[in-house]
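Reader: Hey, could you walk me through this one? I'd like the overall layout, then some details.

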Amino acid sequence: VQLQASGGGLVQAGGSLRLSCAFGRTFGVGGMAWFRQAPGKEREFAATINQSGGDTFYANSVKGRFAISRDKDNSTIYLQMNNLKPEDTAVYYCNVEYGILGPPYVSEYWGQGTLVTVSS
């Protein structure tokens with residue numbers, strides 16, 4: 001099981017980026033999430049979306065600026081990031097719950113990370 005994250009890059013403050021994470025599975029997928037790790041800091045939660053895609057939850061630091069979504073076939077998740085700030089600079093990791101039998105019989109899988117750099 002592999003997750004391929006993409007979409008990171010260098011952007012000026014106030015700009016936007018859209019991250020993608022291709023999972024390659026359409027069945028047995030549970031919740032999906034994005035985490036991030038800034039230089040010298042621990043990895044932190046950013047956003048999550050449930051199995052059906054109907055419920056989302058955000059860290060206070062990104063609420064109102066970021067939007068998480070997923071394809072209907074569950075094969076890809078996205079993170080639309082608007083009004084980016086220098087403090088959003090981090091490596092962003094996707095996280096997916098997956099198991100052959102589906103929820104609740106799932107394990108967590110992580111993508112390799114994609115770097116987002118926001119200049120002031």
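Author: From the N terminus on, the elements run β-β-β-β-β-β-β-β-β-β-β, strands being DSSP runs of E with at least two residues, numbered from the N terminus. The chain's radius of gyration is 14 Å, close to the 14 Å the globule rule gives for 120 residues, so it is as compact as a globular protein of that length. That radius is over C-alpha atoms, and the rule is 2.2 Å times the number of residues to the power 0.38.

Reader: What's the model's origin, and how are things counted?

Author: It's a predicted model: local features need pLDDT of at least 70, side-chain atom pairs count only at pLDDT 80 or more, and totals for chains, interfaces and linings use all residues. Residues are numbered from 1 along each chain as its sequence is written, and side-chain values use heavy atoms, with hydrogens and water left out.

Reader: Ok, which strands form the open sheet, and in what order?

Author: Four of them, β1-β3-β8-β7, with antiparallel pairing (to pair, two strands need at least two DSSP bridges). The edges are β1 (4-6) and β7 (66-70), each pairing on one side only.

Reader: How many bridges between β1 and β3?

Author: Three, linking β1 to residues 17-22 in the antiparallel sense. A5 stands opposite C21 in β3.

Reader: Switching topic: is L101 buried or exposed?

Author: L101 counts as exposed because its relative accessibility is 69%; the cut-offs are over 50% for exposed, under 20% for buried and partly exposed in between, with a 1.4 Å probe and protein chains only.

Reader: And where does L101 lie?

Author: In the loop between β9 (90-98) and β10 (107-110).

Terms used: Helices (H or I, at least four residues) and strands (E, at least two) are DSSP runs, numbered from the N terminus.
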